[in-house]
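Let's take a walk through this structure together. Have the sequence and the 3D view at hand as you read.

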Amino acid sequence: IKDGYRVEFHKEQSLLNTKLQIDLFLPTLNIAIEVDGPSHFKPVWGDDNLKRNKGYDNKKTGLILGKGLVLIRIKQTKDFSKARASAIYNDLKQHIINIQQKFPDKDNRNLEIGDN
């Protein structure tokens, strides 16, 4: 927001009447941003919940890409720190700038950034 982007938080019912939400949506740029914490990769609340989260993530990815949007998934697998958050933000901002300059073709609209 501070960089002048219009951002809608937890956008509901934009995914074919599902209860799935887009964490951050930049409508003027057709960008959906998902922030995935450890429960998307580790059995934080058990194997069944992890399996369900992965299923929701796959479904959401398909619905977002099917709408012609760019999906940027931010993976947060490590503990939060200001330095890490700043690095991820700078990476995200560069992706947004790149998308503004040239909207990617359909095979390049699923991006992932974050902890590696």
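Which side chain does a polar contact of 2.7 Å join to that of R73? The partner is D36; a polar contact here is a pair of N or O atoms within 3.5 Å, where within protein one must be able to donate a hydrogen and the other to accept it, and residues adjacent in sequence count only if both atoms are side-chain atoms.

Before going on, a word about what you are looking at. This is a predicted model, in which local features need pLDDT of at least 70 and side-chain atom pairs count only at pLDDT 80 or more, while totals for chains, interfaces and linings use all residues. Residues are numbered from 1 along each chain as its sequence is written, and side-chain values use heavy atoms, leaving out hydrogens and water.

Back to R73, which sits in strand β4; helices (H or I, at least four residues) and strands (E, at least two) are DSSP runs, numbered from the N terminus. R73 counts as buried because its relative accessibility is 9%, where buried means under 20% relative accessible area, exposed over 50% and partly exposed in between (1.4 Å probe, protein chains only). Leaving aside residues up to four places away in sequence, R73 touches E34, D36, D57, K60, T61, L111, E112 and I113; contact means heavy atoms within 4.5 Å.

Among these neighbours of R73 are D57, K60 and T61, which are also among the buried residues of helix α1, along with L50, N53, L63 and I64. The cover over the buried residues of α1 includes β2, β3, β4 and β5 (110-114). Helix α1 itself runs over residues 47-66. After α1 comes G68, with a positive phi near 85°.

Of its 14 residues, L26, I31, I33, I72, L92 and I96 touch the most other members. At least two residues of this core come from each of β2 (22-26), β3 (31-36), β4 (70-75) and α2 (82-101), and α2 gives the most, with four. Another core, of six residues, lies apart from it, with I22, A32, I64 and L71 among its members.

Finally, find L29 in the loop between β2 and β3. Is L29 buried or exposed? L29 counts as buried because its relative accessibility is 16%. Its contacts, not counting residues up to four places away in sequence, are Y5, I96, I99, Q100 and F103.

Notes. A nonpolar core is a set of buried Ala, Val, Leu, Ile, Met, Phe, Trp, Tyr and Cys residues joined through side-chain atoms within 4.5 Å. The expected span of a helix is 1.5 Å times one less than its number of residues.
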